[in-house]
Amino acid sequence: MHQYTLYSHYVTIALYAAALLSTPLVQRRALIPISLAFTGFAVQLALLIVRWVSAGFLPVTGLFSTLHFLTIFAVGITLYFAIRYKAARLLPATMLVTLLALWKAGQGDMNLAPLTPALDTPLFFLHVSTSFAAYGLFEVGAIVALYRLAGLPASTNGMERRMLDECIYIGYILFSWCMIAGSLWAYLAWGSYWTWRIKGLWSTLLWFYYSGLIHVRNRPRWQNTPINLLTIAGFGLVLFTFLGLGLLFETSHPLK
Amino acid sequence: MNGITMKTSKTNPFSRIWDLFVSPSAFVILAILWCLDLGLGSILAYKRDPQFWMKMDSLPFSQWLDRMAPAEWPGSLWVYILVGLTWLMVASLLFCTINWFLRRRKKARGMGEFLVHLGFLLVFTGFVMGSGWGSRVQNIALFPGESTRIEELGLALTLDELKIDRDAAGNVLDTVSMVTLADFEGNKLDGGEAKLNNPLIHGSTVVYPNSSRQAPRDVLVDVEGQGVVKISYPEKSDLKDGRTLEVINFLYPGQRMGKWNGPGVFLTLSSAKGQSLFTSYLGFSKELRTATFGNLKMTLMGVDAGDQAIFNVHRDPGVQLVLYGALILTLGTFWALIGYLMRPATVAAAIKDDNDS
């Protein structure tokens with residue numbers, strides 16, 4: 001399993017790097033980077049499924065597995081936008097962020113650790129999958145916001161605002177489900193749906209931050225620069241809540 | 001939230017105040033301040049004490065705020081600010097929900113957002129109830145067959161059976177307990193299995209296993225001139241001269257405390273009036289097996305240790321409201337998502353739709 005994981009990891013990196021390097025072709029032949037990214041995505045997805053079947057549980061603990069899981073969502077959403085909204089120009093930025101994430105993932109342990117008993121609950125699957133799907137949307141939203149801020153067209157038919165809106169709105173709903181599942185799980189595991197653990201506090205912070213963002217996302221006064229900056233800052237909070245806390249602090253969601 | 005202005009808002013000061021309260025901008029500014037306070041406050045609290053949350057979680061929040069926060073001042077300032085901002089945010093949320101009901105209820109599509117707001121308000125109300133009138137009794141240690149009275153909750157907890165699941169290396173995976181909850185008259189209120197992720201829930205009371213450990217039941221000590229004395233932990237045993245002997249701590253195999261290695265026990269000899277006279281450690285190694293307590297030489301003869309389950313029992317009178325609130329919030333998000341996906345394809349239309357409604 002370790003060899004297969006290692007092999008798939010580097011094949012994915014190679015495919016995404018190729019998708020990034022084929023950027024100049026995006027202007028004329030978007031199919032090439034899209035195909036490369038899609039193949040990398042398929043390899044990653046296959047790796048996840050094989051590890052899932054082998055372990056008997058969704059392998060999303062530790063730095064390696066969580067970063068792979070996050071990038072699956074980010075790449076998947078970008079590919080969806082590339083096809084639905086003709087936004088293949090988003091690919092280079094997503095590929096760059098994904099490559100950075102996979103480089104960091106490579107520093108983590110690739111072996112499948114046994115599932116700790118506390119994680120042996122359907123709420124774990126619900127909590128983690130909705131959380132990373134939301135993180136993926138927030139990441140792609142920040143990339144779209146960055147394009148808008150820089151004045152770069154991301155979509156050939158001018159759907160940048162629509163993409164940004166989908167990332168914030170659907171991301172927020174998924175993150176709300178993550179918070180509800182996490183709170184219910186905490187109630188069953190620790191006897192309280194709310195604790196003052198730092199990870200829980202920052203997750204709530206993130207939820208409230210996007211609660212604010214969702215209220216102004218369509219208000220004329222907050223359009224353009226304010227909403228773009230808030231979306232980028234939101235992803236900064238996501239990174240700190242997910243990676244910063246997990247790597248720098250003693251938390252209930254360790255990545256070290 | 002709805003930030004529309006009524007025709008009278010320019011002349012009526014109450015309408016102006018109302019519009020300010022229901023303004024999305026007001027909510028966003030509050031949310032940003034809330035995030036800044038929580039973010040900075042929690043990091044500083046962590047830097048001061050990485051286990052700060054353990055103290056805060058040991059009591060329902062209002063009780064912590066009342067009893068412990070003043071002692072933490074000024075380290076608890078961020079919590080006070082957080083409380084104030086939370087109330088303001090909830091007020092904004094409440095007014096927005098009322099505003100929606102008064103002005104936008106004809107729009108079924110907005111019902112999802114309304115349910116989300118309503119759900120959150122219920123969750124918050126439940127939280128306030130739980131933090132104000134809840135109770136937390138922690139670290140209740142019981143051997144199988146043992147009972148204890150939980151005075152704070154008016155309940156008696158009995159551990160009927162205990163099964164500890166271990167992996168091949170002997171690490172504890174789960175503690176599976178069969179427990180019974182009864183009132184002080186002995187009437188059974190509830191009972192069943194309590195294990196990880198599956199506590200015993202009786203209304204607003206939750207019994208959940210925290211951990212398990214090996215603990216001494218009986219300690220046999222040969223007291224010079226008095227023969228073998230059996231000390232049943234945590235009781236005291238009487239010696240012939242009226243003094244008492246008790247076990248005050250136990251070191252598990254491999255556990256260390258200062259210069260002492262487990263397994264072994266710390267024994268205290270007290271006077272007949274209860275005054276502590278001597279404390280010493282008795283272990284199983286040759287040099288630690290015998291110790292002198294004043295004029296009494298004692299030798300450890302044996303320790304009967306057994307598995308003990310540790311429970312936390314929480315009562316939260318607001319938890320039902322929180323669960324209903326979470327359910328309504330979830331339904332609201334589903335409704336909102338379906339409505340969102342059925343929206344016009346262009347955002348310009350969506351923005352217009354949002355602002356015209």
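Predicted model: local features only at pLDDT ≥ 70, side-chain atom pairs only at ≥ 80, totals over all residues.
B:Asn197 has a relative accessibility of 13% and therefore counts as buried, where buried means under 20% relative accessible area, exposed over 50% and partly exposed in between, with a 1.4 Å probe and protein chains only. This residue sits in the loop between strand 5 (188–194) and strand 6 (200–202) of chain B, strands being DSSP runs of E of at least two residues and helices runs of H or I of at least four, numbered from the N terminus.

Residues are numbered from 1 along each chain as its sequence is written, chains are lettered from A and ligands numbered from 1 in the order in which they are written, and side-chain values use heavy atoms, with hydrogens and water left out.

Most residues other than glycine have a negative phi, and most peptide bonds are trans. Staying with chain B, the peptide bond from B:Trp73 to B:Pro74 is cis, with omega near 0°, and another cis peptide bond, with omega about 5°, joins B:Gly262 and B:Pro263.

Helix 3 (residues 62–84) and helix 4 (residues 91–105) of chain A pack at an angle of about 170°, with their axes 9 Å apart; the axes are lines fitted to C-alpha atoms, for helices over the stretch in contact, and angles run from 0 to 180 degrees between N-to-C directions. That makes helix 3 of chain A roughly antiparallel to helix 4 of chain A, because angles over 145 degrees count as roughly antiparallel, under 35 as roughly parallel, 65 to 115 as roughly perpendicular and the rest as oblique.

Finally, which residues is A:Tyr135 in contact with, leaving aside its neighbours within four places in sequence? With contact meaning heavy atoms within 4.5 Å, they are A:Leu70, A:Phe175, A:Leu206, A:Phe235, A:Val238, A:Thr241 and A:Phe242.
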